[in-house]
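Here are a few notes to read alongside the model.

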Amino acid sequence: MSRFLFVVPPLVGHINPAVGVAAVLAARGHQVAWAGDPALVRRLAGPDATVHPCPLPGAGRNPGMEPDAARPADIRGPEALRFLWERFLVPLAEAMAPGVRQAAEAVRPDVVVADQQALAGALVAEDLRLTWATSATTSAELTDALASMPRVAAWNETLLRDLRARIGDPAASGDPRFSPHLVLAFSTPELAGPAVRGGDRVRWVGPSLTARPLSTPFPWERLDPRRALVLVTLGTANTDVGARFLNRAAQALRARADRVQAVIVDPEGTLGTGHGAGDVIALPVVPQLELLARAKAVVCHGGHNTVCEALWHGVPLVVAPIRDDQPVVAAQVAGAGAAVRIRFGRAGADTIGAAVDTVLDDPRPRAAARTIAHAFRRSGGAPAAATHLERLADGRKDET
C-alpha cells in the first residue's frame, strides 16, 4: 500500500478529475488524503474524504465559492492573465503552503499529486524532497501559449521564481507546473495535439470521469425524447459574465423549440422564472454527465472539463471562450473539427442558433467528436492515471 496526497485548488473543474483517480487508488487499497478546501473537496469527493485544510485567500467567503468569481467581469486577454496570476494563483499558493506542509508531514506521502494551479503542492514537495506528480487538468499548459509573447513569458517566470523563494526551495529550478517525474494529462493528442511542454514525462490518460453527487433533483420527466437535447453551460467560474450570453442562447433555442429542447445551467437565475417551463429547462445545477449521455449538442465556454466530458460522450459543441485557458481549448476542439467556435462577447441569438444548427445537422462535427471519444476511451482514464501513480510510488519504470 502506498500513500498519496492530492493538493488541489478550490476549483471544481480541477478537483473532479482528481476525484476519479483518488477513488481508483483507494479501491486498490492505497491511502489517499487531500490538501485543499475541506467543504469543496468533501462535496465532490464524498463526506468521508480525509482533507487537510489549507487556508485560502479571502477568508470568510462562502464555503465552496470559487475565488476567481470575484474577478472583474470585463477583463480579457493579457489583463485577465495578469489578474489570474497576481490576484489568484500566487496568493493562493502562499495561503495554501503552510497547510500543504502540515499535510505532507502528517501523511508522509509516497507521492504528492499537485494540480498545476495549486502551485504550493509542487513547491512544498520539492522543498521537502518528496516525489511529486503533476495533475494537468487542462491541456492549455501543455502548449506554449506565451511563445509569441516573450515579455509576458519573462514576467511569468519572474513570478514563479519569486514565489519559489518565498514558499519553496530557492536553490531549486524547473517549472513547478511540470513534475520531473510524471505529468498526468487528462486529454489525448487527438484533441490537444502533441505536448510542447512537459517532455517525456507526459502521460495522456484522457478524461477522468466518476459519478457525482447531486444535491437537487432534476425533472427527468420533462425531457422530450422527440427533440434534440442541447445542454448550455458556462461552468462554475463565469457566473459574473454570463447573463447576456445565456439569454441569447435561450432565445436562439426557443426559436427552434419544434425540434430542440434546451437545458441551461443558470447558477445565478439570470434567465428568470419565465425560462423554467416548456421548451427550456433552466436550473442552477444539473447532473451534467447523465445529461451528456442523452445530449445531441453542447453550447459552452470552452472549459476543459466540459469540452472533454462532451467529447467523451461523442457530443459536438458550440464553444464561446471567455478567458484564461478557454481560447486555447476552444481552438483545439474547433481545430479537431468537433466544434464551431463563436465570439462570446458578440454572439447574438442568430449566431448561436446558426452554430447549433451546424453541429446538429452537419454530420462532420459529430463524426469528429466520436473519433475523439474513441481515443479518450482507449487512453484509460482514471484507472490508467492510478497505474502511473502506483509505478511512481513503487519506483518502477513507467510506460506510456
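**Notes on the predicted model**

1. Glu390 is buried, at a relative accessible area of 14% (buried means under 20%, with a 1.4 Å probe and protein chains only). Helix α13, residues 381–394, holds Glu390; helices are DSSP runs of H or I with at least four residues, strands are E runs of at least two, and both are numbered from the N terminus. Leaving aside residues up to four places away in sequence, Glu390 touches Phe4, Leu25, Arg28, His30 and Arg396 (contact: heavy atoms within 4.5 Å).

2. As to the source, this is a predicted model, where local features need pLDDT of at least 70, side-chain atom pairs count only at pLDDT 80 or more, and totals for chains, interfaces and linings use all residues. Residues are numbered from 1 along each chain as its sequence is written, and side-chain values use heavy atoms, without hydrogens and water.

3. Next, the sheet. In the order β10-β9-β8-β11-β12-β13, 6 strands form an open sheet with parallel pairing (two strands pair if DSSP finds at least two bridges between them). β10 (280–283) and β13 (339–341) are the edge strands, each with a single partner, so one side of each has no neighbour in the sheet. From one strand to the next, the twist averages 15° (axes are lines fitted to C-alpha atoms, and angles run from 0 to 180 degrees between N-to-C directions).

4. Strand β12, residues 317–319, pairs with β13 in the parallel sense over 3 bridges. Here Val319 stands opposite Arg341 of β13.

Notes: Buried < 20%, exposed > 50% of the residue type's maximum accessible area, 1.4 Å probe, protein only.
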